[in-house]
Amino acid sequence: MLAKFPVTQELYFAITNEDPSITWKEDIIFCNNLSVKTGLNSYYLIQEDNETIIFDIKADGFRLPTEAEWEYSCKAGTTGIRYKKQKNIAWYKDNSSMT
């Protein structure tokens, strides 16, 4: 299940005490930290080599959505595929205040 609301910069900072990042690894560390702070089991297991990531599919903690889950959530209850100009359906570098 996806969270009801997207992760904000404020929430990210509250969990990590760092400015938001965009790397996949830092995002999964965020998911694990959020899981621990809310009493859930971490979904991602980072091995000692700090590069190998294992998924615990039985864990009840937070995780990033799969591509299929993300696509399904973006349909917002519709049955068709939604394609529009990116600026109309997504928040990204060119239409945000971040440079």
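Student: Let's start with Phe55. Is Phe55 buried, partly exposed or exposed?
Tutor: Phe55 is partly exposed, with a relative accessible area of 45%. Keep in mind that this is a predicted model.

Student: Where is Trp24 in the chain, and how exposed is it?
Tutor: Trp24 is in helix α2, which covers residues 24–37. Trp24 has a relative accessibility of 45%, so it counts as partly exposed.

Student: OK, zooming out. How many helices and strands are there?
Tutor: The protein chain has 4 helices and 2 strands. Starting at the N terminus, the order is α-α-β-β-α-α.

Student: How much of the chain is buried?
Tutor: Of the 99 residues in the protein chain, 15% are buried. The chain exposes about 8,400 Å², and carbon and sulfur atoms supply 56% of that area.

Student: Which residues make up the largest nonpolar core?
Tutor: That core has 6 residues: Ile28, Cys31, Tyr43, Tyr44, Ile53 and Ala59.

Student: What does Cys31 touch, leaving out residues up to four places away in sequence?
Tutor: Cys31 touches Tyr44, Phe62, Arg63 and Leu64.

Student: How many aromatic pairs does the structure hold?
Tutor: There are 5 aromatic pairs. One of them joins Tyr43 and Tyr44, with 5.0 Å from centre to centre and 85° between the planes, an edge-to-face arrangement.

Student: And Tyr44 with Phe55: why is that pair called edge-to-face?
Tutor: The planes of the Tyr44 and Phe55 rings are at 65°, so the pair is edge-to-face; the ring centres are 5.7 Å apart. The cut-off for that label is over 60 degrees.

Student: Which parts of the chain does that pair tie together?
Tutor: Tyr44 lies in strand β1 and Phe55 in strand β2, so the pair ties together parts 11 residues apart in sequence. Tyr44 and Phe55 also belong to one aromatic cluster with Trp24 and Tyr43.

Student: New topic. What does Arg63 form a salt bridge with?
Tutor: Arg63 forms a salt bridge with Glu69, and their closest N and O atoms are 2.6 Å apart. The count for the structure comes to 1 salt bridge.

Student: How exposed are Arg63 and Glu69?
Tutor: Arg63 is partly exposed at a relative accessible area of 31%, and Glu69 is partly exposed at 28%.

Student: Where does Asn17 sit?
Tutor: Asn17 is in the loop between α1 (9–16) and α2. Asn17 is exposed, with a relative accessible area of 59%.

Student: And what about the phi of Asn50?
Tutor: The phi of Asn50 is near 65°, again a positive value in a residue other than glycine. Asn50 is in the loop between β1 (44–46) and β2 (53–55). At 42% relative accessibility, Asn50 counts as partly exposed.

Terms used. Residues are numbered from 1 along each chain as its sequence is written. This is a predicted model: local features need pLDDT of at least 70, side-chain atom pairs count only at pLDDT 80 or more; totals for chains, interfaces and linings use all residues. Side-chain values use heavy atoms; hydrogens and water are left out. A nonpolar core is a set of buried Ala, Val, Leu, Ile, Met, Phe, Trp, Tyr and Cys residues joined through side-chain atoms within 4.5 Å. Buried means under 20% relative accessible area, exposed over 50%, partly exposed in between (1.4 Å probe, protein chains only). Contact means heavy atoms within 4.5 Å. Accessible areas come from the Shrake-Rupley method with a 1.4 Å probe; for residues, only the protein chains shown count as cover. A salt bridge is a side-chain nitrogen of Lys or Arg within 4 Å of a carboxyl oxygen of Asp or Glu. Rings of Phe, Tyr and Trp (its six-membered ring) pair if their centres lie within 6.5 Å; planes under 30 degrees apart count as stacked, over 60 as edge-to-face and the rest as tilted.
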